[in-house]
Amino acid sequence: MTANRTFMATKASYVPKWYVIDATDIPLGRLASRISLILTGKSKPSYTPHVDTGDFVIVINADKVGFTGRRKLAETKVYRHSGHPGGFKETTYAEMMQKDSTRLVERIVRGMLPKSRLHFERKLKVYAGADHPHAAQQPVQITL
């Protein structure tokens with residue numbers, strides 16, 4: 001009689017895939033939660049917590065991302081601190097979208113990723129427009 005063994009993925013047995021997501025009119029929170037599942041590999045049957053089994057994600061049209069709620073752009077704030085006295089800064093979503101929309105998407109996705117040594121945020125590529133330089137990786141277009 002043979003015993004069933006639990007499958008554990010290894011770095012050598014894993015080949016990452018590349019996916020392209022068009023962020024046009026997709027609510028930011030829903031977009032970020034789906035991206036975090038793909039980056040961590042939790043959407044796959046071969047998920048192993050201590051091994052990076054996630055895939056690469058390319059987000060295009062980050063400047064056209066959607067928001068639910070009428071006043072969310074104007075009222076929701078992003079906070080940061082430099083670590084120095086008086087270094088507290090706050091900006092609204094509208095100011096961040098106007099200045100650099102890719103940083104807002106990266107920040108929201110990073111907040112949904114686990115804080116571990118695996119550094120899942122390195123596999124996220126965000127672009128404001130529809131063009132990206134990753135055509136050689138033959139990414140697959142997915143819709144959310």
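Arg-80 stands opposite Lys-89 of strand E4 in a predicted model. Strand E3 (residues 77-81) and strand E4 (residues 88-92) pair in the antiparallel sense, joined by five bridges; strands are DSSP runs (E, at least two residues) and helices are DSSP runs (H or I, at least four residues), numbered from the N terminus, and two strands pair if DSSP finds at least two bridges between them. Six residues separate the strands in this hairpin of E3 and E4, where Gly-83 takes a positive phi near 95°.

An open sheet is formed by four strands in the order E5-E2-E1-E6, with parallel pairing. Strand E5 (124-126) and strand E6 (140-142) are the edge strands, each pairing on one side only. On average, neighbouring strands of this sheet are turned by 25° against each other, direction ignored; axes are lines fitted to C-alpha atoms, and angles run from 0 to 180 degrees between N-to-C directions. Strand E1 (residues 18-22) runs parallel to strand E2 (residues 56-60) and is joined to E2 by five bridges. Tyr-19 has Val-57 in E2 as its bridge partner.

Asn-61, in the loop between E2 and helix H2 (72-75), has a positive phi near 60° and is not a glycine. At 8% relative accessibility, Asn-61 is buried (under 20% relative accessible area; exposed is over 50%, partly exposed in between; 1.4 Å probe, protein chains only). His-119, in the loop between helix H3 (93-112) and E5, likewise has a positive phi, of about 50°. His-119 is partly exposed at 31% relative accessible area.

Residues are numbered from 1 along each chain as its sequence is written. Local features need pLDDT of at least 70, side-chain atom pairs count only at pLDDT 80 or more, totals for chains, interfaces and linings use all residues, and side-chain values use heavy atoms, with hydrogens and water left out.
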